[in-house]
Amino acid sequence: MEKLLIIKGGKIFTMEGTPLEGGYVVIKNGKIEDVTPRMEIPKDAKVIDATDSFIYPGFIDIHTHTGLWEEGVNIEGSDGNEATDPVTPHVRAIDGINFHDDGFKEAISSGVTTVNIMPGSANVIGGQGVATKTTGEILLNPSGIKMALGENPKRVYSSQKKLPSTRLGNAAILRKTLIDTLNYIEKKKKDKKAFNFKLEPLVGLLEGKYPARIHSHREDDILTALRIMKEFGIKFVIEHSTEGHFIAEILAKEQVPCALGPTITTRIKQELKFRTPETARIYEEKGVLFAFTTDFPVLPHYGLFYSAQIAVRHGLSEEMALKALTINGAKILGLDHRIGSLKKGKDADIVITNKEVLDPRFLVRMTIISGEIVYEHKSREDLYI
Amino acid sequence: MKIIKAGKIITLKGNEILENKYIVVEDGIIQDITTSKPSVGEFIHAEKLVVIPSFIDPATQIGLAEEGAGFNYYDSDEATSPFLPHLRSLDAFYPKDLGIKDAAKGGVSYFVSSPGDSAVFSGLEGIFASKGNTADDMVRVFPSALKLNMNYSSRIRWRSEGKYPSTKMGILALIREKFEKAKNYEKKKEKEKDLEMEALLKVLRKEIPIKISVNTRDEIEKAIELKREYDINIILQEAEDSFQVADLLKKEEIPVIAGPYFIAGRLYHQRNHYAKNLYPLYEKGVIFALTTLHPVVPVHLLYHQSALLVKVGIPELDALRSISTNPANILSLEREAGTIEKGKKANLVFLSDEPFTKESDVVGHMLEGEMVWKNF
Amino acid sequence: MIVLIGGKIFTGEEFIENGAIFIENGKIVKVLRRKRIPKNAEIINLKGKYILPGLIDPHTHIGMRDEGAPRDYSDVNEATDPATPHLYAIDAYNPQDPAVGKALKSGVTTVFITPGSANPIGGIGSVIKLKNAPISEIIVKKEAGLKMALGENPKLTYREKKTFPSTRMATAAVIREWFTKAKRYGEEKRKKERDLKLENILKALRKEIPCRIHCHSVQDIETALRLREEFGFEMILEHASDAPLVAEKLKGKVKGIVVGPLFGVSSKPESKNLSFENPAKLSTYGIPVAITSDHPFNALYHLNLYAAMSFKEGLDEITALKAITSTPAEFLGVANRVGYIRKGNDADIVVFNGHPFDVMSRVEMVFVDGVRVV
């Protein structure tokens, strides 16, 4: 009989309704066995006393480059942007990630248990992303096809004097590649020998197996993404959505989810000019599904919590702030049957903190992933702050 | 005359905390802090708020690297020669940089605006206030220091161009060459005025300090060697490995400008760049100030960034000192700023709650007696 | 017939004392513990000496980048196209390289020459003997491995040229694309025309030759495992600096690991864990280890000393001796010819005047194919 691991709370933010003031989270075989206000503890269970602490589901960041740009290594560890061809759907984040990088250690010590790692935004079509626990356990590969509009691809390729060097070019390349893929699908029906390694991953995209994840800041880039994705019937997520607050109603109506962030960086590009901490509040008001992201390493993983804190000070409800750190991200990834809340049957990904995560001074006491204690705070040395 | 009725005042004079006092402000100066209610004046009701000294960011490129304009508009880095000590950030300061209003909203009264780090000697920097319409009415002290880069960024720039100096050896040789040249220039009785040499002389005469960007322990030790060799005042910037030589820094009384910390994606020479490594500095009594290095981290997050110090075990009042009193001392502004006391400038931040709590945010900022931000 | 009598003979598996090696027509016809010598044999008394199979280095670029030549004469890397499976290292081999003579004098008689690690798929390596003869006569096995590379080298080579691949993701994509194409080519019943590139990859897919994969860090070793999982080839890892950290995962999945170059300083982030302790650590997991110089990165002609250093850092004596004789022979698929002193194998023999791990020992004799060359 597998031993139980029981966390005795403390305030338990289940993300499945009102938090419990005191209660138990029961873990068995890597899954959550129960979440209950009262129970009789079996003699051989291991109990973690978190009565003066706060308990959350493991936090989720749906847009990172953890391990793809290694900490402390310079170009030898930089593997996120295959900036030699604006269309590279055939490259996969998983083949470039160093799962032993300090970035994962920082994530775990910050309470981030699942990350969705994607290629960068130098390319119009950058490659395949992977959703993984920060211990390296793969959840979904591929989790989506990374795409980018706006300044980045055109800046990278105009310096190489290649298409695209304007927003016109960005969109044209995207549409042309999608049409080439449709042609390839037709060709395959007639000729069994037809094979195109580069376009194969886009077949899965067009068949709806995984979404497009489209980097876009400016309002017009977001609408270009919407226009093109609708043309081809592809489901998609908008990454960053910096000017999304200007078109929140459209995003809500079209049910476009957004990976919002990184919100606490400087407006170093023109397309960031209208960034505001009010976006999250406006999304909540208008009903746009969003999750906070750090775009690690643009922000450290703990930047998630500062982003949420600042959004709350600008009017976002605390409840939505917490959702945008957990269950919303799980839903956007299509993994909410496994992660994102403390519910019986879901993975035992749990974080115990000494203060609420919306308190700027909070520290993670313990991180549990798939039922294993993977981090326990003992001294300043453990921190990646 | 303005009168602030403050619920709680953290003056940062030692661990002093005052409650329910009136701060009397006139001509931009704190005239008095008293329990007796003055009869005349414009009242500012901060009974429910906590008042602390406003913030100072000692290392930014505000006005030079304008937000929202894009890289092509930056004037922060004259990367055309390693020796440009006569450049002045004042001459390229754009007063409508979006970052300035954010600084005001974030409670940052003063910030240093400094040239970049491609050149070894990149120019003269100065202290600006976050209010005003032109560079000349925003500047408070110019120059406040000469910027020197003995770090990876400058080496790699010249190495990529195949030019001198592209190694640590080369950088130190260049520095010594130029200081000797400046000494010779000083001795000459009849000479043509040379702006570059004049800039170096200010440092050799100890009129201004030299602010040195360094990363690793050996670079820090070389910087200290320069201080001794030429008897100059130095301030270290970044200095990620400073915790490894905390005793030496304390002994030589060298301050450190540390940060920023809301960052990841460290390069090899930044492997030790973590806020937790400030704790040994705090323990040994080395004076350090936090910076955002705007635009690396937005300047208005200076206060939020200081919460990281609390996370790594530094007491809250010392975390606040690192963004007000300490930078004031480092920048020689201690007579006018850095604490709340009679005779100093009325540079105040109004917090909605105790520092670093969940509800706490900068809801007001008084700069030299003027409310530049009021959201209460 | 030549008979070598006495001394300590390391057969490639064990030591035999007071034995005799009978050589005829280039082959070893007998290895005995007791002596019964034919009348007209040439007898060489090796009492007190150490006799080993001719040493073998399974990863070199000797003859492809000659000692003393200007830099434009390097033929190690065809760094103009990331996938060149149709290239043969033997086509760049120059037997006049001064290093060849020096290597022979040090007791190295057989090497694997291979393309470098600039390309994700570099080409075919061959097993050759370092003897003075026409190239066609020195080849022991023409197609002994498909050189591949992961990690920093391929991506930095092509990043400089601003072409694909410039990241690890793309390096893996190059390999996966070509291997997938080769698999499909293999499944075609009637091929329109011969594709030399795909043919060579197909040999690896069919396990006719192993993939010799250059990698250092854990993430690249894991990528190699992932690729092997997808395509089912047999693999040997080259260098694999971090292999001790993932040895459990490698057990049973890798034919062996070629460790080296170990002398000198690791100059790249990915190779910082390369150490003389690696062979011993890997051995404890039962992973076969061969030791290489990766000439010219370390000199081929001190191969015995690299094994000695590994022995010093914990590798047991027999395994260390095997690492430069029988183990590389097994990796290269030429154990029936070299790497062992046993009946039927080529008479490639080296005689040291002391233990080969003693830095003061000298090589006194070297036989290749039964002919004394040193």
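Trainee: In chain A, what share of the contacts with a separation of 6 or more comes from residues 24 or more positions apart?
Mentor: That share is 67%. Keep in mind that this is a predicted model.

Trainee: And how many helices and strands does chain A have?
Mentor: Chain A has ten helices and 15 strands.

Trainee: What about its radius of gyration, and what would a compact globule have?
Mentor: Chain A comes out at 21 Å. A compact globule of 385 residues would be near 21 Å, so the two agree. The C-alpha trace of chain A spans about 65 × 50 × 40 Å along its principal axes.

Trainee: How much of chain A counts as buried?
Mentor: Of its 385 residues, 59% do.

Trainee: Next topic, the nonpolar core. How many residues are in the largest one?
Mentor: The largest nonpolar core has 336 residues. Those with the most contacts inside it are A:V25, B:V51, B:L236, C:L237 and C:I257. Helix α4 of chain C, residues 168–187, gives the largest share of this core, nine residues.

Trainee: Why would nonpolar residues gather like that?
Mentor: In soluble globular proteins, nonpolar side chains tend to be buried together.

Trainee: Pick B:V51. Which residues is it in contact with, beyond its neighbours within four places in sequence?
Mentor: B:V51 is in contact with B:I4, B:A6, B:I9, B:A46, B:I340, B:L348 and B:F350.

Trainee: Now between chains. How many residues of chain B are in contact with chain A?
Mentor: On the chain B side there are 33, in contact with 32 residues of chain A. Helix α9 of chain B, residues 302–311, supplies the largest share of that chain B side, five residues. By class, the side of chain B that touches chain A has 18 nonpolar, eight polar and seven charged residues.

Trainee: And chain C against chain A, how many residues there?
Mentor: There, 22 residues of chain C are in contact with 26 residues of chain A. The largest share of the chain C side, eight residues, comes from α4(C). That side divides into eight nonpolar, seven polar and seven charged residues.

Trainee: Last one. What are the domains of chain C?
Mentor: The domain assignment gives domain 1 as 1–54 + 340–374 and domain 2 as 55–338. Their C-alpha centres lie 29 Å apart. The contact between them takes 20 residues from domain 1 of chain C and 23 residues from domain 2 of chain C.

Trainee: Which element gives the most on the domain 1 side?
Mentor: β17(C) does, with three residues. The domain 1 side that touches domain 2 divides into 13 nonpolar, three polar and four charged residues.

Note on methods: Residues numbered from 1 in each chain as written. Chains lettered and ligands numbered in written order. Predicted model: local features only at pLDDT ≥ 70, side-chain atom pairs only at ≥ 80, totals over all residues. Contact = placed C-beta atoms within 7 Å. Helix = DSSP H or I, 4+ residues; strand = E, 2+ residues; numbered from the N terminus. Nonpolar A, V, L, I, M, F, W, Y, C, P; charged D, E, K, R; others polar. Rg over C-alpha atoms; globule rule 2.2 N^0.38 Å. Buried ≥ 20, exposed ≤ 12 C-beta atoms within 10 Å, placed from the backbone. Core = buried A, V, L, I, M, F, W, Y, C linked by C-beta atoms within 7 Å. Domains from an automatic or database assignment.
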